[in-house]
Structures are given as C-alpha cells and as structure tokens.
Amino acid sequence: MKLKNTLCMLTAGMLLVVWSSAGQDARTKSLKNGKGLYEVKCEGCHGPTGEGKPNVADFYDGKMRPLGSKEVQARTDADFKRIITTGQGKMGGFARGMSDHDITDLVAFLRTLKR
C-alpha cells in the first residue's frame with residue numbers, strides 16, 4: 001500500500017511538472033509572438049520600450065503616454081484590444097491581418113512593459 005501511494009504521488013508530481021512546463025512554453029510562445037507583433041505594428045511610433053518617440057508625440061499634441069505607465073497599464077485587456085482594433089484619437093486601429101489570438105498575444109506583451 002505504501003509503495004502504491006508513493007507511485008501515485010510520483011506520477012502526480014511528474015504530471016504537474018509536465019503540465020507546468022507546457023504552460024510555460026505556451027506563455028513563452030505567446031510573449032514571443034506578441035513582441036514580434038509589437039515590433040512590426042507598434043514600435044515605429046511607440047519605440048522599443050513603449051516610451052513613445054518624441055516626433056510622433058508632437059503629432060499627437062504631446063499626449064502620447066508611455067505604454068508602461070500606471071495610467072496605461074490600468075486599462076483592461078478589453079480596452080487594449082479595442083484600441084488595437086479600432087484605434088483611439090488620432091491613432092487608427094492596427095489589427096488588420098491579426099487574429100484574435102495575435103491580439104491577445106500583443107496585449108500580453110504590452111503588459112510586460114509595466115514599470
């Protein structure tokens with residue numbers, strides 16, 4: 001009985017490690033995809049760290065907030081998805097050619113810019 005319990009515990013532990021590893025791999029792939037999308041769709045205006053480029057901020061009357069700021073990061077994922085899809089203010093939407101999964105990955109990457 002003791003051996004059976006030990007085997008069950010070992011099996012459960014191994015499954016947990018495999019499941020955890022698979023979850024981590026999926027998160028890593030999601031963030032990598034999100035970063036790639038950011039580089040193509042967002043970095044031109046928002047810069048590599050999300051701080052915004054001064055010449056672009058001037059176009060937006062100096063109102064380009066850093067993506068990692070407390071104010072921007074307080075937005076919900078749904079807010080980010082809406083802005084990516086339909087735009088906000090002078091910024092148009094940038095979701096063309098992106099799947100829902102891509103947009104979710106991009107939002108996950110934007111969360112990594114938090115200060």
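Predicted model: local features only at pLDDT ≥ 70, side-chain atom pairs only at ≥ 80, totals over all residues.
A salt bridge here is a side-chain nitrogen of Lys or Arg within 4 Å of a carboxyl oxygen of Asp or Glu. Residues are numbered from 1 along each chain as its sequence is written, and side-chain values use heavy atoms, with hydrogens and water left out.

**Stop 1: arginine 111 and aspartate 77**

Select arginine 111 and aspartate 77 and you'll find a salt bridge, with the closest N and O atoms 2.8 Å apart. This pair ties together distant parts of the chain: arginine 111 belongs to helix 6 and aspartate 77 to helix 5, 34 residues apart. (Helices are DSSP runs of H or I, at least four residues long, numbered from the N terminus.) Arginine 111 has 25% relative accessibility, so it counts as partly exposed. Aspartate 77, at 40%, is also partly exposed. For these labels, buried means under 20% relative accessible area, exposed means over 50%, and partly exposed is in between, using a 1.4 Å probe and protein chains only.

**Stop 2: lysine 35 and glutamate 39**

Now go to helix 1, residues 2–41. Pick lysine 35 and glutamate 39, another salt bridge, with the closest N and O atoms at 2.8 Å. The two are about one helical turn apart because they sit four residues from each other in helix 1. Lysine 35 is partly exposed, with a relative accessible area of 40%, and glutamate 39 is partly exposed at 40% as well.

**Stop 3: arginine 65 and glutamate 71**

Next, show the side chains of arginine 65 and glutamate 71, which meet in a salt bridge at 2.7 Å, N to O. Arginine 65 is partly exposed at 38%, and glutamate 71 is partly exposed at 47%.

**Stop 4**

Side chains of opposite charge can pair when their charged atoms come close. For a charged residue with no such partner, select aspartate 105, which is buried yet has no salt bridge. Arginine 27, the nearest side chain of opposite charge, is 8.6 Å away; in this count Lys and Arg are positive, Asp and Glu are negative, and His and the chain ends are left out.

Aspartate 105 is in helix 6, residues 100–111. What does the side chain of aspartate 105 make a polar contact with? It's the side chain of serine 30, at 2.6 Å. (A polar contact is a pair of N or O atoms within 3.5 Å; within protein, one must be able to donate a hydrogen and the other to accept it, and residues adjacent in sequence count only if both atoms are side-chain atoms.)

Serine 30 lies in helix 1 and counts as buried because its relative accessibility is 17%. Leaving out neighbours within four places in sequence, aspartate 105 is in contact (heavy atoms within 4.5 Å) with Ser30, Asn33 and Gly34. With residues up to four places away left out, serine 30 touches Asp105 and Ala108.
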